[in-house]
Amino acid sequence: MSFIAETDLQFARGAFRSYYERPREQIEMPRKIESREFAYFVFEENIMVRHLSLRDANSLGSLFTDRVPRHAYYSSAFFHSPSAPMERKGWIGAELVFDIDADHLPVRCKAEHDFWLCKNCGEHGPKPTPKGCPKCEGRVEEIEWLCELCLREARNELLKLLDFLELSLGIGSKDITVNFSGHRGYHVHVDNDHLNSMDQYARKEIVDYVTGNGLDVSYHGLYLSQGSSSLIGPDYSEPSWRGRIARGVYDLLGQLSDPSYEAYFSENLTPKTYRRFLKRQEVLVKLWSSHPVWGAASAIKPDDWIKLAQLAVRRQAANIDTVVTTDVHRLIRMINTLHGKTGLLGLKIRYDQVESFDPFRDPVVFPDRPPVKVKVLYCPEFRVKEKSYGP
């Protein structure tokens with residue numbers, strides 16, 4: 001959220017204040033509040049105020065009504081002295097935190113809605129961004145937009161991650177908190193006293209596991225049988241990455257004839273390998289319908305199957321911001337607080353409502369009455385609740 005005039009800033013700040021002056025139970029009270037560092041940005045200055053220590057719900061509520069943060073954060077880490085400088089805080093442990101950001105995903109829609117804008121004259125256009133406005137020679141700003149497809153893809157990555165945490169790593173849902181970030185994606189917190197003590201190297205092992213980093217399919221049940229050229233591979237029902245590889249290959253076989261995936265398969269499998277699979281797609285899908293039949297179709301070489309399995313690993317992996325998870329001192333957005341760029345709530349999502357969550361409806365907290373007239377230089381089409389606006 002960037003402000004062109006002082007009146008815009010004051011309007012937004014007043015809206016945030018009116019929200020935070022409602023009953024305080026809506027702000028998520030973090031566990032071990034007295035051991036966490038807190039930080040925030042205000043509307044007037046783009047400076048983070050940090051190294052704050054809060055003792056209870058009253059001090060937390062007062063921060064929001066007195067300072068009206070544009071963004072509010074707390075540390076995923078627990079400290080002996082959270083208000084001390086970093087080197088004297090005394091690290092105790094930290095939640096295991098995951099960040100899924102639609103901006104980091106290879107979504108195909110970005111070229112359709114990202115744009116540049118001149119705030120001087122309102123001229124705009126698709127990327128690539130010119131050095132200056134071609135109409136008035138003013139400074140242009142790059143705008144990275146978000147659409148429903150972007151956030152649908154982010155939710156798909158969230159579901160994959162939750163599957164890894166529960167089924168592969170054995171983390172119970174009672175220790176997992178999911179929240180919409182209020183902007184580009186989702187945050188997942190794992191708060192478990194046993195896991196909180198992990199150092200950054202142990203967290204890197206978890207990152208490598210859920211992202212499939214360095215995974216060699218030959219160590220997960222896919223190999224040539226000794227003394228022959230027969231390919232042996234994992235079954236759908238096998239645990240961990242073995243089953244994921246098999247299920248991932250079956251999903252890819254079903255997508256081979258989809259025109260929107262042609263460039264993707266040609267690039268990742270080579271055009272020749274893609275054509276070999278495509279020619280036999282119908283037979284292969286039928287053969288794989290009940291269980292994997294590795295090496296089926298003699299014209300397809302074992303190396304082709306291995307390429308397809310490696311592609312399945314990339315598709316089955318959870319696409320997360322790896323830096324966030326390995327950082328044992330991370331400041332993360334406070335749950336159930338407003339995001340300063342969108343005005344949407346960084347909303348905690350019930351575990352059984354992740355799939356039905358609507359990021360363009362559920363985190364909208366400001367009333368639509370009375371109406372407010374807004375001058376828009378340019379924006380693509382977007383939806384708020386059930387009403388669409390623009391372009």
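Colleague: Why is K385 called partly exposed in this predicted model?

Modeller: The relative accessible area of K385 is 32%. Buried means under 20% and exposed means over 50%, with partly exposed in between; K385 is therefore partly exposed.

Colleague: Where does K385 lie, and which residues does K385 touch, leaving aside those up to four places away in sequence?

Modeller: K385 sits in the loop that runs between β16 (382–384) and β17 (387–389). Beyond its sequence neighbours up to four places away, K385 touches F360, R361 and V364. The C-alpha atoms of K385 and V364 are 7.4 Å apart, while 21 residues separate the two in sequence.

Colleague: What makes the pair of Y19 and Y20 edge-to-face?

Modeller: A pair of aromatic rings is described by the distance of the centres and the angle of the planes. For Y19 and Y20 the ring centres are 5.4 Å apart, and a pair requires centres within 6.5 Å. The planes stand at 70 degrees, and an angle over 60 counts as edge-to-face. The pair is therefore edge-to-face.

Colleague: Are Y19 and Y20 buried or exposed?

Modeller: Both Y19 and Y20 are buried.

Colleague: How many aromatic pairs does the whole structure hold, and which residues form one aromatic cluster?

Modeller: A search of the whole structure finds 25 aromatic pairs. One aromatic cluster is formed by Y236, Y250, F277, W288, W294 and W305.

Colleague: What is the volume of the second largest pocket, and which residues are the closest to its centre?

Modeller: The second largest pocket holds about 710 Å³ of space. Its lining consists of 18 residues, and the closest to the centre are P106, E153, E157, Y264 and R315. Two or more lining residues come from each of the elements α4 (148–168) and α11 (302–316). The largest share, five residues, is that of α4.

Colleague: Which classes of residue make up the lining of the second largest pocket?

Modeller: Eight nonpolar, four polar and six charged residues make up this lining.

Colleague: What describes the protein as a whole?

Modeller: The protein has 12 helices and 17 strands, and its C-alpha trace spans about 75 × 55 × 35 Å along the principal axes. Of its 391 residues, 46% count as buried. The accessible surface comes to about 20,400 Å², and carbon and sulfur atoms account for 51% of that area.

Colleague: What share of the contacts with a separation of 6 or more joins residues 24 or more positions apart?

Modeller: Such residues account for 67% of those contacts in the protein.

Definitions and conventions
Residues are numbered from 1 along each chain as its sequence is written. This is a predicted model: local features need pLDDT of at least 70, side-chain atom pairs count only at pLDDT 80 or more; totals for chains, interfaces and linings use all residues. Side-chain values use heavy atoms; hydrogens and water are left out. On a 1 Å grid over the protein atoms alone, a cavity is a set of points where a 1.4 Å probe fits but cannot get out, and a pocket is an open set with protein on both sides within 12 Å along at least five of seven lines; lining residues have an atom within 4 Å of a point. Grid points are joined across faces, edges and corners, and a volume is the space filled by probe spheres set on the points. Ala, Val, Leu, Ile, Met, Phe, Trp, Tyr, Cys and Pro count as nonpolar, Asp, Glu, Lys and Arg as charged, and the others, Gly among them, as polar. Buried means under 20% relative accessible area, exposed over 50%, partly exposed in between (1.4 Å probe, protein chains only). Contact means heavy atoms within 4.5 Å. Accessible areas come from the Shrake-Rupley method with a 1.4 Å probe; for residues, only the protein chains shown count as cover. Rings of Phe, Tyr and Trp (its six-membered ring) pair if their centres lie within 6.5 Å; planes under 30 degrees apart count as stacked, over 60 as edge-to-face and the rest as tilted.
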